[in-house]
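Dear colleague,

Please find the structure below, handed over for your records. My findings follow directly after it.

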Amino acid sequence: VYDVGLWFLVLSYLFMYGFLFIDKFDMTILLLWAPIKSYNQTILFEATSFVNLCLNMFVLGYLNANNVKKENVFYTKISKTKYSKEKYQIGILLCIIGGICHFITSIKLVDVTQTAGDYLAYTEAASTGIIDDISFLFVPGVIYVLTSKRFSKTKALMITSVVIAYFSLIMLLSGSRKTQVFGIVAVVLCYLYTYRPPKFSLLKKLFFILGGTVFLNMIYIIREYRNTLVEVIPAFFSSLTSFEFVKNVVPETLAETGITFGSVASVIRCVPDVFSYEYGLTIIRSIVSILPIGWLIPEFFEKAATTNTINKYLNLPVGGSLFADFYWNWGIFGIIASLVFGIVLALVSSKTQKKSKEVYFSLLYIVLIGVRAGMFELVRPLFIVIFVPWFVGYLIKRFK
């Protein structure tokens, strides 16, 4: 349930094969814009084959490098874990600093999109400023607070619910969902791990299923009305009263997630005919992006993401993905990069599971964004959510 590799794999199937499932099972969808129709059958076949190989190689590397024993460390008696004042202090500081920056960023995003009445206006609010970067600390802050065991199960559930409600409200008002959805996943998994009951009753299982269905319906409604944001909230409540969302939630979720497959198809369509192979340059650009020098060499970072180059060239806003980056860098040999990614993720996650659950769930938060974003959008946030909490903890110890 808590394994980052399993989550990455399952989500990759949804984001890569959504339209394939729709076509195979002859599902009816309401989505008018289907970018999958922009590619010929040869491109689709090559993209699907490449993704298949990447997923297989990822699993091969992940399972063979994962050295967590069968009696997984997650199954320890978490209820016996004592309250950690240090974790709580780190969490509170991160929640305050990251929460304020996240709120500022969200207000800016909502203001721009609501004023325009269109989700596409988010590009005007998007930036790589320091406030946007620090906002990533909000989720790790909540994770540190939860794992500190400072609060009872009831109060921890209230904190988790407030975070879900906050992220959901931002999604409903702005139409932006990527980081919010994965933030919710990370916080909920952290809560379930830290405060999990010995077993779920049938009533609780039904509650989680119903809650998950309503949440997926909300994601679908946001997508459906993202060009007329003023209609999102009324349409959401209307769908709940009509119960139409129950039969639509599966195909519409597949249609929503499946768009990301186009990121791989677009790269295969353009590389190397239009754009040359990068041979690892996107990784170098991503690592350099940790330094706040974007204003100094903006042209250096423009080619770091497929969304800024290939998507704009084709005029197909299909997002990005790690698999698209792998092909852009090394072509078919990108499957080796997927193998290495699986190995590295397994080694890091195994170590953090044993050493620090806070780092593990913060890592999970950023890594899962990789099913929907390229490396350039991951490296800097990953550095922030891991290094900054460690540095804050170091300062607290030095102060004491």
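The lining of the second largest pocket is made up of 17 nonpolar residues, with no polar and no charged ones. In this division Ala, Val, Leu, Ile, Met, Phe, Trp, Tyr, Cys and Pro count as nonpolar, Asp, Glu, Lys and Arg as charged, and the others, Gly among them, as polar.

Please note that this is a predicted model, in which local features need pLDDT of at least 70 and side-chain atom pairs count only at pLDDT 80 or more, while totals for chains, interfaces and linings use all residues. Residues are numbered from 1 along each chain as its sequence is written, and side-chain values use heavy atoms, with hydrogens and water left out.

The second largest pocket

This pocket holds about 470 Å³ of space. Two or more lining residues come from each of helix H16 (322-330), helix H17 (334-355), helix H18 (357-367) and helix H19 (379-399). H17 provides the largest share, six residues. Of the 17 lining residues, Phe341, Val344, Leu345, Met375 and Leu382 lie nearest the centre of the pocket. A pocket is here an open set of points on a 1 Å grid over the protein atoms alone, where a 1.4 Å probe fits, with protein on both sides within 12 Å along at least five of seven lines; lining residues have an atom within 4 Å of a point. Grid points are joined across faces, edges and corners, and the volume is the space filled by probe spheres set on the points. Helices are DSSP runs (H or I, at least four residues), numbered from the N terminus.

Salt bridges

The structure holds four salt bridges, each defined as a side-chain nitrogen of Lys or Arg within 4 Å of a carboxyl oxygen of Asp or Glu. Three of them are described here.

Lys397 pairs with Glu86, with 3.8 Å between the closest N and O atoms. Because Lys397 lies in helix H19 and Glu86 in helix H3, this pair ties together parts that are 311 residues apart in sequence. Lys397 is exposed at 54% relative accessibility, whereas Glu86 is partly exposed at 29%. Buried means under 20% relative accessible area, exposed over 50%, and partly exposed in between (1.4 Å probe, protein chains only).

A salt bridge also joins the side chains of Lys87 and Glu358, at 2.9 Å from N to O. Lys87 belongs to helix H3 and Glu358 to helix H18, so the pair links parts 271 residues apart in sequence. Lys87 is partly exposed at 27% relative accessibility, and Glu358 is buried at 4%.

Asp133 forms a salt bridge with Arg380, the closest N and O atoms being 3.0 Å apart. With Asp133 in helix H5 and Arg380 in helix H19, the pair ties together parts that are 247 residues apart in sequence. Both Asp133 and Arg380 are buried.

The nonpolar surface patch

Ile92, Leu93, Ile96, Ile97, Ile100, Ile104, Ile130 and Ile131 form a nonpolar patch on the surface, with about 670 Å² of accessible area together. Patches are made of residues with over 30% relative accessible area and no salt bridge; nonpolar side chains (Val, Leu, Ile, Met, Phe, Trp, Tyr) are joined within 5 Å, and like charges within 9 Å. Accessible areas come from the Shrake-Rupley method with a 1.4 Å probe, and for residues only the protein chains shown count as cover. Helix H3 (85-116) and helix H5 (130-134) each supply at least two residues of the patch, and H3 gives the most, with six. Ile97, in helix H3, is partly exposed, with a relative accessible area of 43%.

Helix H12

Helix H12 (residues 261-270) is largely enclosed by the rest of the structure, because nine of its 10 residues are buried.

Yours sincerely
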